[in-house]
Amino acid sequence: MRDPDAFLIAQFAKELVAIRLNATEDPCALAAALVKETAAVALKARPEEADIVVADACYGGLQALLLAGQDVSRGATLMLGEIIDLAGSLGGNPAALSEYALEGFARLRRLLTQDQIIDLLETLDVHYKGAGTTLARALTRQADPSRRLAPR
């Protein structure tokens, strides 16, 4: 169980990205850089929680892009690249951190249209072989938003 007093990385990343989005010509690149920075700082404080830190940072950053009407697929692709780079600079496992990032992206399932999900899967897989498949698995572990609408 998560510590209720733990800082909320997803909320922090979302707010940080949202605040700075309007001040740049490339919001997706800025969001990816801010997610990397947020994850790097949090990983120094909580290296044993890399799964939570990376997933939360990616979820928050991608959520901010979605809410700002930006290209979610491009943003996710750039974020994944930054997370892989971060793993290298920290001497971590790029595959593990990539999977954590994809878990964070999958949390947006209930906010994305079917077309956005398909585009996200295809775009990630073009740039990072196997990332679309890994994301698809992570998406299946998320609650199905249509089930809330079904009569009981």
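Q: Which residues does Met79 touch, not counting residues up to four places away in sequence?
A: This is a predicted model, so we are reading contacts from computed positions. Contact here means heavy atoms within 4.5 Å. With sequence neighbours up to four places away set aside, the partners of Met79 are Ala31, Ala32, Val35, Cys58, Gly61, Leu62, Leu65 and Phe105.

Q: Which members of the largest nonpolar core touch the most other members?
A: As background, nonpolar side chains in soluble globular proteins tend to be buried together. The largest nonpolar core here has 44 residues. Those touching the most other members are Leu62, Met79, Ile83, Phe105, Leu124 and Leu135.

Q: Which helix gives the largest share of this core?
A: Helices H1, H2, H3, H4, H5, H6 and H7 each supply at least two of the core residues. The largest share is 10 residues, and the helix they come from is H3.

Q: At what angle do H4 and H6 pack?
A: Two packed helices are described by the angle between their axes and the distance between the axes. For H4 and H6, the axes are 9 Å apart. H4 passes H6 in a right-handed crossing. The angle between H4 and H6 is about 35°.

Q: How many nonpolar, polar and charged residues are in the contact of H4 with H6?
A: From H4 come Val72, Ser73, Ala76, Thr77 and Leu80. They meet Gln116, Asp119, Leu120, Thr123, Leu124 and His127 in H6. Sorted by class, the contact has 5 nonpolar, 5 polar and 1 charged residues.

Q: How far apart are the closest N and O atoms of Glu82 and Lys36?
A: The count of salt bridges in this model comes to 6, and Glu82 with Lys36 is one of these pairs.

Q: Is Asp56 buried or exposed?
A: Asp56 forms a salt bridge with Arg107, with the closest N and O atoms 2.7 Å apart. Arg107 lies in the loop between H5 and H6 and Asp56 in helix H3, so this pair ties together parts that are 51 residues apart in sequence. Arg107 has a relative accessible area of 26%, which makes it partly exposed. Asp56 has a relative accessibility of 3%, so Asp56 counts as buried.

Q: Why does Asp125 count as partly exposed?
A: Asp125 belongs to helix H6. Buried means under 20% relative accessible area and exposed over 50%, with partly exposed in between. Asp125 counts as partly exposed because its relative accessible area is 25%.

Q: What separates the C-alpha atoms of Asp125 and Thr77?
A: Setting aside residues up to four places away in sequence, Asp125 touches Gly130, Ala131, Gly132 and Thr133. Thr77 is 48 residues from Asp125 along the chain. The separation of their C-alpha atoms is 9.2 Å.

Terms used:
Residues are numbered from 1 along each chain as its sequence is written. This is a predicted model: local features need pLDDT of at least 70, side-chain atom pairs count only at pLDDT 80 or more; totals for chains, interfaces and linings use all residues. Side-chain values use heavy atoms; hydrogens and water are left out. A nonpolar core is a set of buried Ala, Val, Leu, Ile, Met, Phe, Trp, Tyr and Cys residues joined through side-chain atoms within 4.5 Å. Buried means under 20% relative accessible area, exposed over 50%, partly exposed in between (1.4 Å probe, protein chains only). Helices (H or I, at least four residues) and strands (E, at least two) are DSSP runs, numbered from the N terminus. Axes are lines fitted to C-alpha atoms, for helices over the stretch in contact, and angles run from 0 to 180 degrees between N-to-C directions. A crossing is left-handed if the near helix is turned anticlockwise from the far one by less than a right angle, and right-handed if clockwise. Ala, Val, Leu, Ile, Met, Phe, Trp, Tyr, Cys and Pro count as nonpolar, Asp, Glu, Lys and Arg as charged, and the others, Gly among them, as polar. A salt bridge is a side-chain nitrogen of Lys or Arg within 4 Å of a carboxyl oxygen of Asp or Glu.
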